[in-house]
Amino acid sequence: MNIITAPTELQKQCQTWRQEGLTIGLVPTMGFFHEGHMALMDRARKLCDKLVVTLFVNPTQFGENEDLDKYPHDFDGDCEKAESHGTDLLFAPEKSSMYDKDHATWVNVPELGKHLCGKSRPVHFTGVCTVVTKLFMLAQPQIAVFGQKDWQQLAIIRRMVRDLNIPVEIVGQPIVREPDGLALSSRNAYLTQEERAAAPALRKGLVKMAEMVKQGEQSAQAAKAFLQTDYASTLPMGTVDYLEIVDPDDIVPVETITGPVLAAVAVVIGKARLIDNILIEV
Ligand code: AMP
């Protein structure tokens, strides 16, 4: 596996591969790999000739009081994992090489960023769209794989790629979970033992609510109230940031559930802000 830090080197290598007729698959990440990241790599590996994984804790997608400086990392461990999952090139740039001091260009999909994480993290998706666009321009991949765990991010990137005619196929990978249902996340490392033991309630509540909707509950208000009450008893140490039922493509809240919806939550437990979601097909 080739490890590259310079953006121009990444661009050069990918251009060479494309000229040789090889297809490129891209998996953008912030590192501290777990099985969720590996599932993305495995998926991409099957769909391309050359697998490029990027490891960059992108500063522009973090707000002022967020965990940019504390974000967990394990570069050597990540290199081993990426290599053992068939990565051809790991791109791990310095912040200064990705953003010039006078960086002035931003990519934004405001319509899809008004709710869920976009509401609580106002700069987040502009940072994500900008860095992902830069990575697309550098690697020019034919496919790129993103996790459904960050459903809103996936929806925004799909829309951005469509609206800007970026020639890349976006692949969504289902959420990888612990045996007890907790979605894998690098931020799970922040949980104390007690918090970790309680955290599966996040998913359990969503599943119960989905069942209620499948059995005929059409009022999003009633379904959300149910989940709020459920979390109050099963996750008393958590503070709900949002708990919402939205259209899965447009990410706007739904009042009456008559078709597929996405139920999405963000809950702060101790030092971790955990997100999860469930697609409810009715
Ligand atoms: P991150 O390093 O957290 O920015 O995540 C990099 C990519 O991995 C994103 O596309 C995430 O949606 C995806 N991802 C993170 N956790 C999971 C998971 N548990 N299951 C599936 N994909 C995930």
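Visitor: Where do I start? Into which domains is the protein divided?

Guide: Domain 1 covers residues 2-173, and domain 2 covers 186-280. Their centres, taken over C-alpha atoms, are separated by 26 Å. Keep in mind that this is a predicted model.

Visitor: Let me take the sheet with six strands. What is the order of its strands?

Guide: Start with the general idea. Strands of a sheet pair through backbone hydrogen bonds, and the pairing is either parallel or antiparallel. Here the order is β1-β4-β3-β2-β5-β6, the pairing is parallel, and the sheet is open. At the edges lie β1 (2-4) and β6 (169-173), each pairing on one side only. From one strand to the next, the twist averages 25°.

Visitor: Can we zoom in on one pair? Over how many bridges do β3 and β4 pair?

Guide: Three bridges, in the parallel sense. β3 spans residues 50-55 and β4 spans residues 89-91. Find Thr54, then look across to Phe91 in β4, which stands opposite.

Visitor: Which strands does helix α2 touch?

Guide: Helix α2 (residues 35-47) packs on the sheet and touches β2 (24-29), β3, β5 (143-147) and β6. Its direction makes about 155° with that of β5. Now find helix α3, residues 75-84. This helix also packs on the sheet, touching β1, β3 and β4. The angle between the directions of α3 and β4 is about 150°.

Visitor: On to the sheet of three strands. Is its pairing parallel or antiparallel?

Guide: Antiparallel. This open sheet runs in the order β7-β8-β9. The edge strands are β7 and β9 (272-280), and each pairs on one side only. On average, neighbouring strands are turned by 15° against each other, with direction ignored.

Visitor: Which residue is the bridge partner of Leu243?

Guide: Val265, in β8. β7 and β8 pair over eight bridges, in the antiparallel sense. Then look for helix α10, residues 220-234. Helix α10 packs on this sheet, touching β7 and β8, and its direction makes about 160° with that of β7.

Visitor: Now the place where the domains meet. How many residues of each domain are in contact with the other?

Guide: 23 residues of domain 1 are in contact with 20 residues of domain 2. The area buried between the two domains is about 1,800 Å², and carbon and sulfur atoms give 58% of it. In domain 1, His115, Leu116 and Trp151 lose the most area to domain 2. Together they make up 36% of what that side buries.

Visitor: What about polar links? How many residue pairs are in polar contact between the domains?

Guide: Ten. On the side of domain 1 that touches domain 2, α5 (116-120) and α7 (151-163) are the elements that give two or more residues. α7 gives the most, with four residues.

Visitor: And charged pairs? How many salt bridges lie across the interface of domain 1 and domain 2?

Guide: The general idea: side chains of opposite charge can pair when their charged atoms come close. Two salt bridges are found across this interface. The structure as a whole holds twelve.

Visitor: Show me a salt bridge. What is the N to O distance between Arg159 and Asp250?

Guide: The distance is 2.8 Å, and their side chains meet in a salt bridge. Arg159 sits in helix α7, while Asp250 sits in the loop between β7 (238-246) and β8 (261-269). The pair links distant parts of the chain, 91 residues apart.

Methods. Residues numbered from 1 in each chain as written. Predicted model: local features only at pLDDT ≥ 70, side-chain atom pairs only at ≥ 80, totals over all residues. Heavy atoms only, no water. Pairing = 2+ DSSP bridges. Axes fitted to C-alpha atoms, helices over the stretch in contact; angles between N-to-C directions. Contact = heavy atoms within 4.5 Å. Domains from an automatic or database assignment. Buried area = accessible area lost by both parts, 1.4 Å probe. Salt bridge = Lys/Arg side-chain N within 4 Å of Asp/Glu carboxyl O. Polar contact = N/O pair within 3.5 Å; in protein donor to acceptor, adjacent residues only side chain to side chain.
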